[in-house]
Amino acid sequence: MASSLGGMFDSLSFGDSFDLESRKWKAPGGFHSHRERSLRPFIFMNAVGRHRDLDTMLHESGHAFHSMLCHDEPLLHYRRPPKEFAEVASMAMELFAFPYLDEFYDEVEAARAKRQRLEYVATLLPKIAALDAFQHWIYAYPSHNRAERDACWVRLNDRFGAAVSWQGLERYRQLSWQSSGHLYSVPFYMIEYGIAQLGALQLWLQFKQDRARAMENGDSLRW
Ligand SMILES: [Zn+2]
């Protein structure tokens, strides 16, 4: 499978699989969508030339590879991974790209990109824990008022957040949970990123020891 990822990516370069560049009035965000009729993935994002764009492209490419490897499943439901698995291939792709970052960056920039990714992973897991606990509290106590909600989030931020001084910014700390759009659009989905991140880290450990085996195990993520 390893040698085929480049081929799969190249096959997306033709036709209408990419809408990548940011432009006026374009909706924000980035996502991958699998089209059942054409069986061709579609990747949407808003690239403006930042490192984060590369991360997004790697992530969405992982989703695209995952869906392309599921094309031959005869049952439609088997072509989509269960939710807690949906982000494993995409998050693994972010880490599998480490040895190849020199395609884009010099040595110093590549090292910085790797460090940023690993710092992101290290802070993502406690952030997800806080956001998941917060959502459970919100839905368990639907009659709560704003002050109680603020207090709940600050309590969880104390428990899971980094040792950061919020002095003078307390109001923003109370509202910082709103930086996650998932709480509005896909309630309770956030925990799936945590489960998937652990799976991606396991694949990455394998990848560091034996790339071929990790890629084969990635292939078996289909089901
Ligand atoms: Zn994703």
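Let me start with helix H3. Its buried residues are Val88, Ala89, Ser90, Met91, Ala92, Met93, Glu94, Leu95 and Phe96. That is nine of nine, so to speak: H3 covers residues 88-96 and is mostly covered. Keep in mind that this is a predicted model.

Now the core. The largest nonpolar core holds 29 residues. Those touching the most other members are Val88, Ala92, Met93, Phe96, Leu131, Ala196 and Ala200. Which elements each supply at least two residues of this core? They are S3, H2, H3, helix H4 at 107-140 and helix H8 at 190-209. The largest share comes from H3, with seven residues.

Stay with Phe96 for a moment. Set aside its neighbours within four places in sequence. Phenylalanine 96 is then in contact with Trp204 and Phe207.

Step back to the whole chain. There are nine helices and three strands. From the N terminus, the order is α-β-β-β-α-α-α-α-α-α-α-α. The chain has 223 residues, and buried residues make up 21% of them. Along the principal axes, the C-alpha atoms fill a box of roughly 55 × 45 × 40 Å. Now take contacts between residues at least 6 apart in sequence. Of these, 67% join residues at least 24 apart.

Next, the strands. How do S1 and S3 run, parallel or antiparallel? Strand S1, residues 18-21, runs parallel to S3, and three bridges join the two.

Serine 33 has its bridge partner in S3, and that is phenylalanine 42. S2 and S3 form a hairpin, with six residues between them. Look at the turn. Leucine 39 has a positive phi there, of about 60 degrees.

On to helix H2, residues 51-69.

In H2, the buried residues are Thr56, Met57, Leu58, His59, Glu60, Ser61, Gly62, His63, Ala64, Phe65, His66 and Ser67. What do they pack against? The partners are helix H1 at 4-12, strand S2 at 31-34, strand S3 at 41-47, and H3.

Last, the H1 and H2 pair. Two packed helices are described by the angle between their axes and the distance between the axes. For H1 and H2, the angle is about 100 degrees, and the axes are 11 Å apart. Angles of 65 to 115 degrees count as roughly perpendicular, so H1 is roughly perpendicular to H2. On the H1 side, the contact is made by Leu5, Met8, Phe9 and Leu12. On the H2 side, Ser61, Ala64, Phe65 and Met68 make the contact.

Notes
Residues numbered from 1 in each chain as written. Predicted model: local features only at pLDDT ≥ 70, side-chain atom pairs only at ≥ 80, totals over all residues. Buried ≥ 20, exposed ≤ 12 C-beta atoms within 10 Å, placed from the backbone. Helix = DSSP H or I, 4+ residues; strand = E, 2+ residues; numbered from the N terminus. Contact = placed C-beta atoms within 7 Å. Core = buried A, V, L, I, M, F, W, Y, C linked by C-beta atoms within 7 Å. Pairing = 2+ DSSP bridges. Axes fitted to C-alpha atoms, helices over the stretch in contact; angles between N-to-C directions. Parallel < 35°, antiparallel > 145°, perpendicular 65-115°, else oblique.
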